[in-house]
Amino acid sequence: STGKQINKSFKSGKHRTKGELKKKAGKVETKHKATTNSAVDDVLMTAGEGGGKTRRSVKDTTFGEGKAVRKMKAMQLAKAKREALVQQKRIGTIVGVPRLVAVIPLCDSLNLTKIEELILSGVSYDPSQRTSHHIGAHSVNVPRWKSRLQFYVLRGRDLIDALDIAKVADIIIFVTDTEKICDDIGLSTIRVIKAQGLVTVFGVVHGLNKVQSKKKRNLLKKRVISFFHEEFISKPKVLPLDTPTESDQLARFLCESKVIQLSWR
């Protein structure tokens, strides 16, 4: 006899203890027979050296995974699926539906051919490959940002044509010049499109590089930004468009920006 005192273990009788209730919380009852202590011991026992058996840690078994870990794994899986679905439907992938980008001028002094070349150069598209048989929009893949874009440049100044393209567009680019930000037709175009319903809007100013004075260039840019922020409550981004670097910046915004959906579509 070692003389060590051995106390009897606590027996709760027919009532469950607080510890048992906490362990039971959140677990679903199954129709299978409950695992006995001897069965658990059989699972935990593995063959050791010399033919004997050694006991494994509970962490090494499948039933050692806690409720918090299982819940976290389920949440991460659901979040990953949700993000993939949102990216496929809204951001647009190479296999998805392209974003229709409408380019609408706000004044007559713009060189739309040059502006079209600059916009398409940002998505690595050469418009010189088009022939007289190519009409309408330019459809391009942008693997760099995993997106597809479709550009339509409004050549005329007709209000009905502007309303028609704005009705189906996902993004509208309003192009202006440093000489005259917006004429009367451009202002009317903005107002009728706003009345119809606005999607995602960008402002583009062309010709800033022609201004030699840096101070005057900054003042002109502030005037253009102020004009767009007064006309549109969403305060859209206003970007310059004169160099290939600025074309790349515009293309990135077009691919990564959130598309506003109209409720009546």
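Modeller: Here you go. One definition before we start: a residue counts as buried under 20% relative accessible area. Also, keep in mind that this is a predicted model.

Biologist: Thanks! Then is Glu 116 buried or exposed?

Modeller: Glu 116 has a relative accessibility of 12%, which is under the 20% cut-off, so Glu 116 counts as buried.

Biologist: Where is Glu 116, and what does its side chain make a polar contact with?

Modeller: Glu 116 belongs to helix H4, which covers residues 112-121. Its side chain makes a polar contact of 2.5 Å with the side chain of Arg 155. Setting aside neighbours within four places in sequence, Glu 116 is in contact with Arg 155, Val 153 and His 138.

Biologist: Where is Lys 235, and what is its phi?

Modeller: Lys 235 sits in the loop that links helix H7 (214-231) to strand S8 (237-240). Its phi is near 50°, a positive value in a residue other than glycine. With 51% relative accessibility, Lys 235 counts as exposed.

Biologist: Switching topic: which residues of H5 are buried, and what covers them?

Modeller: Helix H5 spans residues 159-168, and its buried residues are Ala 162, Leu 163, Ile 165 and Ala 166. The cover includes strands S3 (99-105), S5 (147-153) and S6 (171-177), along with helix H6 (184-196).

Biologist: Why would residues three or four places apart point the same way in an α-helix?

Modeller: An α-helix has 3.6 residues a turn, so residues with that spacing point the same way.

Biologist: Nice. What happens at the start of H5?

Modeller: There, a side-chain oxygen of Asp 158 comes within 3.0 Å of the backbone nitrogen of Ile 160.

Biologist: Now the rings. How many aromatic pairs are there?

Modeller: There are four. One of them joins Phe 202 and Phe 253, with ring centres 6.3 Å apart and planes at 45°, so this pair is tilted. Phe 202 lies in strand S7 (residues 200-206) and Phe 253 in helix H8 (residues 244-256), so the pair ties together parts 51 residues apart in sequence. Both Phe 202 and Phe 253 are buried.

Biologist: What sits over the ring of Phe 253?

Modeller: The charged end of Arg 252, 4.9 Å from the ring centre.

Biologist: What about Phe 227 and Phe 228: which kind of pair do they form?

Modeller: They form an edge-to-face pair, 5.5 Å centre to centre with 80° between the planes. Phe 227 and Phe 228 are both buried. Together with Phe 174 and Phe 232, they form one aromatic cluster.

Biologist: Last one, the overall numbers: how many helices and strands, and what percentage of residues is buried?

Modeller: The protein has eight helices and eight strands, and 34% of its 265 residues count as buried. Its accessible surface is about 18,300 Å², with 54% of that belonging to carbon and sulfur atoms.

Note on methods:
Residues numbered from 1 in each chain as written. Predicted model: local features only at pLDDT ≥ 70, side-chain atom pairs only at ≥ 80, totals over all residues. Heavy atoms only, no water. Helix = DSSP H or I, 4+ residues; strand = E, 2+ residues; numbered from the N terminus. Buried < 20%, exposed > 50% of the residue type's maximum accessible area, 1.4 Å probe, protein only. Areas by Shrake-Rupley, 256 points an atom, 1.4 Å probe, with all protein chains shown as cover. Polar contact = N/O pair within 3.5 Å; in protein donor to acceptor, adjacent residues only side chain to side chain. Contact = heavy atoms within 4.5 Å. Phe/Tyr/Trp six-rings, centres within 6.5 Å; stacked < 30°, edge-to-face > 60°. Lys NZ or Arg CZ within 6 Å of the ring centre and 35° of its normal.
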